[in-house]
Amino acid sequence: LRNPRCLLAWELLVFESNPAEDAIKRYQRMSRRLNCERLDICAAVRSTASAEVLAQLYEMAPRFQDDTYYLAAIAHVAKNLSEVDLVHHVVNHWRKIEPGYSGCRERGRFFTEWGWQARGSGWAHQVSDEGWALFAERLQLAKEEFEKGIELNPLGWEAHAELIRVAMGLQLGSEYVDEHFDQAIKIRPRDRAAYDFMFQTLRFR
């Protein structure tokens, strides 16, 4: 980093590095000097999920319990530890704290990711019955969040684009997909995500 005290640069480095291990180690060597708990949360999210990481986040609860960045981080780590009850508890609190469009959009993305985690990346015949059930259940939650977001903000092109991907997983049909693709590119003609999701959908039609 050209400026080792630039907090935004550290956040981008930790979030965008793939794999993240080296970036996290670099940050940990600087963490005391930087003294930024937001970056500590960021590093926790990008670290391999463990009970220790979750405990570190718990210690911040008195200061961050109503911070949506923190709540999303707790939900992410809990998801990766298969702490299902904790995930739902945190998400319910998150809804109360951030009921608007941006909250719906991010929770929708969270549920989509969680759904694909349950399904796995294998071929359809390799997915267990439980995996399919959790996949459908979590994508339905994502769908509800995105649709609620669009009710609150009809110009929310990101939610329209994300619904293309959700519709593919739930097999909602081409009419539903086309409607949200058309809305997304009408609002944001150069939105790459809408085109990427639509291309994936067309491959399987």
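Q: Where is Pro19 found?
A: Pro19 is found in the loop between helix H1 (7-16) and H2. Helices (H or I, at least four residues) and strands (E, at least two) are DSSP runs numbered from the N terminus. Residues are numbered from 1 along each chain as its sequence is written, and side-chain values use heavy atoms, with hydrogens and water left out. This is a predicted model, in which local features need pLDDT of at least 70 and side-chain atom pairs count only at pLDDT 80 or more, while totals for chains, interfaces and linings use all residues.

Q: Which residue does the cis peptide bond join to Pro19?
A: As a general idea, most peptide bonds are trans, and most residues other than glycine have a negative phi. Here a cis peptide bond joins Asn18 and Pro19, with omega at about 5 degrees.

Q: What is the phi of Asn35, and what is that of Gln171?
A: Asn35 has a positive phi, near 50 degrees, although it is a residue other than glycine. Its place is in the loop between H2 and H3, and it counts as exposed at 66% relative accessibility. Buried means under 20% relative accessible area, exposed over 50%, and partly exposed in between (1.4 Å probe, protein chains only). Gln171 likewise has a positive phi, near 55 degrees. It is found in the loop between helix H10 (157-170) and H11, and 71% relative accessibility makes Gln171 exposed.

Q: How many helices and how many strands does the protein have?
A: The secondary structure comes to 12 helices and 0 strands. As for overall size, a compact globule of 205 residues would have a radius of gyration near 17 Å, and the 18 Å of the protein agrees with this. That radius is taken over C-alpha atoms, and the globule rule is 2.2 Å times the number of residues to the power 0.38. Along the principal axes, the C-alpha atoms fill a box of roughly 55 × 40 × 35 Å. Buried residues make up 42% of the 205 residues.

Q: Which residues of helix H4 are buried, and why are they on the same side?
A: In helix H4 (residues 51-58), the buried residues are Val53, Leu54 and Leu57. They are on the same side of H4 because they cover an arc of only 100 degrees around the axis; the arc is that of the directions from the helix axis to the C-beta atoms. Ala51 and Glu52 are exposed on the other side of H4. The buried residues pack against helix H3 (37-46), helix H5 (61-64), helix H6 (68-80) and helix H7 (84-97).

Q: With which residues is Met30 in contact, leaving aside its neighbours within four places in sequence?
A: Contact means heavy atoms within 4.5 Å. With neighbours within four places in sequence left aside, Met30 is in contact with Pro4 and Trp10. Met30 lies in helix H2 (residues 21-34) and is buried, with a relative accessible area of 11%. The C-alpha atoms of Met30 and Arg5 are 8.7 Å apart, and the two residues are 25 residues apart in sequence.

Q: Is His180 buried or exposed?
A: His180, whose place is in helix H11 (residues 174-187), counts as buried at 6% relative accessibility. Leaving aside its neighbours within four places in sequence, His180 is in contact with Ile150, His160, Leu163 and Ile164.

Q: How many aromatic pairs does a search of the whole structure find?
A: A pair of aromatic rings is described by the distance of the centres and the angle of the planes. Rings of Phe, Tyr and Trp (its six-membered ring) pair if their centres lie within 6.5 Å; planes under 30 degrees apart count as stacked, over 60 as edge-to-face and the rest as tilted. The search finds 8 aromatic pairs. One of them is the edge-to-face pair of Trp116 and Phe135, at 4.8 Å centre to centre and 75 degrees between the planes. This pair links distant parts of the chain, with Trp116 in helix H8 (residues 101-119) and Phe135 in helix H9 (residues 129-152), 19 residues apart. Trp116 is partly exposed at 31% relative accessibility, whereas Phe135 is buried at 3%. Phe110, Phe111 and Trp114 form one aromatic cluster.

Q: Over which ring does the charged end of Arg38 sit?
A: A charge sits over a ring if NZ of Lys or CZ of Arg is within 6 Å of the ring centre and within 35 degrees of the ring normal. The charged end of Arg38 sits over the ring of Tyr69, 3.6 Å from its centre. Arg107 lies over the face of Trp94, at 5.6 Å from the ring centre.
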